Amino acid sequence: MEYTQAEILQTVAMTEMEHLDVRTVTLGLSLLDCAGNSTAEVAERARQKIERVASRLVQTVDEIGDEIGIRIANKRIAVTPISLITEGGAGNPTDVGRAVDEAAGAVGVDFLGGYSALVPKAATRGETEFIDSIPEALAATTRLCSSVNVATTRAGINMDAVRQVGRVIKEAAERTRDQGGIACAKFVCFANAVEDNPFMAGAFHGLGEAEAVINVGVSGPGVVNHAVRHAAPNLPLHELAEIIKKLSFKLSRAGELIGREAARRLGLPFGIIDLSLAPTPVPGDSVAEIIEAMGFERAGTHGTTAALALLTDAVKKGGAMASGSVGGMSGAFIPVSEDAAMIEAVRVGALSLEKLEAWTSVCSVGIDMVAVPGSTSAETIAAIIADEMAIGVMNNKTTAVRIIPVPGREVGEIVEFGGLLGSAPIMPVNVFSSAEFIRRGGRIPAPIHSLRN
């Protein structure tokens, strides 16, 4: 499709007034050819490949942003799940984690994702050991992000892995106690993880992807918020959905333009454009405010799940209409600590953990950047994850949990993470135990609708 000058200028106007940005240009990079006999060997090969392939990424993307006039907030790298290239190698997989983190710093990117494992049905001994290494790797690095996929609609839910992840999250929080448990902000537990997601902390480069590829993530909650607030107060919901869909179309086109130009200059294939309404702590740049602008006193009250369903669907339809390369998550994100209106909704009691769980049945991801008391047990965290994985598996959608048990903090306190991670009110969890259920382990079988062959 052709891009007109008027269309580009209209989108540039959005960047100046309504907080539109291209949230990330992410280089997806295969490290399969970096496998070796030891983690030290893998680490060195991975470091060299990242520094070679990504050497011009940041400079190129910054030049494009300056030329077009659209802010490109982050430059990132997503690599092959590292558990796949350390399997069977002697040594500690954190050697590889440190090496790729150092390489990310050397090329100047903001984050690198892919310290990941895919264990939806069962885990090998090497994968189990790898998952146990995650707290050490995250605590020892600054840019490294990690994820574990513990469930798919096709395989069911690996409850042994869910239980292990509960322990991993607790340990990661303790290892970064003096920073509010921030290592947990760099870790995501998935059901039905996608292989071309450009957003952190859950990005990794899937096995079905090219050797190297450029993916783009566009974020525009401020643009949509502005449009919804300025719509007629009695506008029917289907017409409001049409406004959001048209905005999504324009935002997707702008993001694809940048992605294709970056890919051309770097000599790499263009992958996907992910249009996801990913909020920031900046006032107005909020998914919760979009929901409230539809006619609610506070995000989290009755009816807001329906409103979020409308929002997510309209974003997906507009993106799909704009481009044949829409991928990743493409919808609406609900990270509590990163959304000022969501934080306020929690503070006044309008938004609970249970309502967030209901929202995840219709939004793009899941329970995201939620802080809970540091005294929350590993079993309770695992149970929260299990519930979220069940929503993903039964609804054949991606769901995720990024939860932070903040050491030494209790309900009602605020923890500051800074930057895009914002600040989080400590939310209460159900006080009754799920421990016996979690200790059973095993696997929750795939639902009957997974049998589609």
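1. Arg98 is partly exposed because its relative accessibility is 32%; buried here means under 20% relative accessible area, exposed over 50%, and partly exposed in between (1.4 Å probe, protein chains only). Please keep in mind that this is a predicted model, where local features need pLDDT of at least 70, side-chain atom pairs count only at pLDDT 80 or more, and totals for chains, interfaces and linings use all residues. Residues are numbered from 1 along each chain as its sequence is written, and side-chain values use heavy atoms, with hydrogens and water left out.

2. Arg98 pairs with Glu136 in a salt bridge whose closest N and O atoms are 3.6 Å apart. The term stands for a side-chain nitrogen of Lys or Arg within 4 Å of a carboxyl oxygen of Asp or Glu. Arg98 sits in helix H5 (residues 94-107) and Glu136 in helix H7 (residues 134-139), so the pair ties together parts that are 38 residues apart in sequence. Helices (H or I, at least four residues) and strands (E, at least two) are DSSP runs, numbered from the N terminus. Glu136 is partly exposed, at 24% relative accessibility.

3. The structure holds 20 salt bridges, and another one to look up joins Asp368 to Arg402, with 2.7 Å between the closest N and O atoms. This pair links distant parts of the chain, as Asp368 belongs to strand S9 (residues 367-373) and Arg402 to strand S10 (residues 399-406), 34 residues apart. Asp368 is buried, with a relative accessible area of 10%, and Arg402 is buried too, at 7% relative accessibility.

4. Salt bridges that share partners join Glu67, Glu261, Arg264 and Arg265 into one network. Within helix H10, Arg265 and Glu261 are four residues apart, about one turn of the helix, and the closest N and O atoms of their salt bridge are 2.6 Å apart.

5. Now for the nonpolar cores, meaning sets of buried Ala, Val, Leu, Ile, Met, Phe, Trp, Tyr and Cys residues joined through side-chain atoms within 4.5 Å. The largest has 128 residues, and Ile77, Val150, Met294 and Leu311 have the most contacts inside it. Helix H10 (residues 237-266) gives the largest share of this core, 10 residues. A second, separate core of 13 residues includes Cys145, Val188, Ala203 and Val365.

6. Thr176 is worth a look as well: this residue lies in the loop between helix H8 (159-175) and strand S6 (187-191). Thr176 is buried, at 2% relative accessibility, and its side chain reaches the backbone oxygen of Ala172 at 2.9 Å.

Terms used:
Polar contact = N/O pair within 3.5 Å; in protein donor to acceptor, adjacent residues only side chain to side chain.
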